[in-house]
Amino acid sequence: MVIRYLSRPVRRAPVLRATALATGAVVCLAGPAVCAEPAPPKPAPAYSSSLLDRPGTQVRPRPDAPPVPRDLSALSWMVSDARTGEVLAAHNAHRKLPPASTLKSLFALAALPRLNPETRHTVTDTELARVGGGSSLVGVAAGNSYRVSDLWRGVFLSSGNDAVHVLATMNGGWERTVRQMRAKARALGAHDTHVVSPDGYDAPGQVSSAYDLAVFGRAGLADPQFARYCSTARASFPSGNWSYPIQNTNRLLTGADGVARYPGIIGVKNGYTSGAGHTLIAAAHRGARTILVTVMNPQRGGLTVYEEARSLLDWGFAAGGRVSPVGSLLPAKPRKAPDGAAHTAGQAGFVRPGASDGGSDWPALVLVGVGSAVVVIGCVVIVRRRAATVARRRGAGGEFVR
């Protein structure tokens with residue numbers, strides 16, 4: 001039997017229906033990933049980072065907490081737990097002030113990993129030509145050969161600007177070292193610091209803060225080389241065929257000049273310039289705790305910086321478990337989505353891909369990819385079948401043979 005069939009335009013309804021069905025399948029498959037239940041809110045931190053942005057003294061004492069020392073004259077200070085990074089108390093934590101030689105802690109963080117301590121170097125006159133007048137010196141002499149480790153002891157113990165200039169040259173130069181120090185500060189979340197002179201010598205625009213110095217001190221104590229150098233009280237420094245003794249200028253570490261040595265003291269670095277006054281990063285260990293304090297420019301001058309640091313260390317050990325932290329030395333993690341967007345997504349009953357803090361986007365991406373492939377393949381198959389049918393009709397002269 002021959003049935004006459006008049007050719008007519010290909011109908012699009014089957015194609016549209018198939019596309020709609022495939023798209024619906026994609027939505028259903030992707031539904032569990034995209035339309036998931038809202039993630040439970042993370043517990044709020046025990047502190048508000050904005051507290052450290054406020055001027056004055058910030059502390060959150062519990063009923064049995066010891067009072068913060070009241071006889072402090074420093075323009076800025078901070079007490080923190082070196083292990084956890086929790087800030088226990090602070091005064092003008094982010095006030096930008098000249099750091100003096102405490103900035104050498106950042107210099108060490110940037111340059112220590114790049115220089116082999118056993119490398120020997122013969123010093124030239126050019127390397128010492130830019131050492132500022134009135135600088136503290138360890139006695140580096142042009143023409144003499146030194147190991148890198150000798151020069152680092154000159155930096156940490158004698159706060160030698162001459163040793164800093166030589167090490168900076170070995171590290172690629174003064175300007176390159178400045179760039180490295182700035183990058184290191186940013187990586188650690190120390191945004192108050194601007195480096196101009198790696199040795200801490202007074203320079204226009206060179207500043208840091210009690211917060212940033214604490215960040216540098218904590219990072220340094222985590223480095224075995226740094227910790228070994230900063231805790232060394234006395235050593236010998238070479239000079240040609242002989243050597244002479246050098247002593248750490250941190251009186252809390254050595255007990256010099258009538259300043260009693262602090263029990264459990266580790267270091268870290270002290271400094272002084274006429275522009276900065278006295279500055280200090282000090283850490284001490286007792287039991288299972290390491291307390292880190294920073295003190296900048298006590299107004300009573302002299303060796304007051306050590307006594308104020310002592311009072312803060314004592315308070316930090318006594319306040320353990322009796323105060324709530326007011327901040328953290330840990331760098332803030334970048335947010336994956338603005339707070340407003342995450343809040344809106346939660347209210348709508350779903351979490352946007354990439355907006356959750358702990359989940360992965362890969363399941364949703366895989367499902368969407370598979371669904372898209374199904375749509376494309378379905379459309380191709382339908383179009384090819386329709387084209388084949390039309391071709392058979394034309395070959396049969398517009399007739400179907402049944």
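Helices (H or I, at least four residues) and strands (E, at least two) are DSSP runs, numbered from the N terminus, and threonine 294 has its place in one of these, strand 11 (residues 289-298). The model is predicted, so that local features need pLDDT of at least 70 and side-chain atom pairs count only at pLDDT 80 or more, while totals for chains, interfaces and linings use all residues. Residues are numbered from 1 along each chain as its sequence is written, and side-chain values use heavy atoms, with hydrogens and water left out.

**Threonine 294**
- Threonine 294 counts as buried because its relative accessibility is 0%, where buried means under 20% relative accessible area, exposed over 50% and partly exposed in between (1.4 Å probe, protein chains only).
- Beyond its neighbours within four places in sequence, threonine 294 is in contact (heavy atoms within 4.5 Å) with residues including Trp77, Met78, Leu213 and Ile281.
- A polar atom of the threonine 294 side chain lies 3.0 Å from the backbone oxygen of alanine 210.
- The C-alpha atoms of threonine 294 and alanine 282 are 6.4 Å apart, although twelve residues separate the two in sequence.

**Strand pairing**
- Strand 2 (residues 57-61) pairs with strand 4 (residues 86-91) in the antiparallel sense over three bridges, pairing requiring that DSSP finds at least two bridges between two strands; valine 59 stands opposite alanine 89.
- Strand 2 also pairs in the antiparallel sense with strand 12 (residues 323-324), over two bridges, and arginine 60 has serine 324 as its bridge partner there.

**Helix 10**
- Eleven of the 15 residues of helix 10 are buried, so this helix is largely enclosed by the rest of the structure; among them are Tyr306, Arg310 and Trp315.

Conventions:
A polar contact is a pair of N or O atoms within 3.5 Å; within protein, one must be able to donate a hydrogen and the other to accept it, and residues adjacent in sequence count only if both atoms are side-chain atoms.
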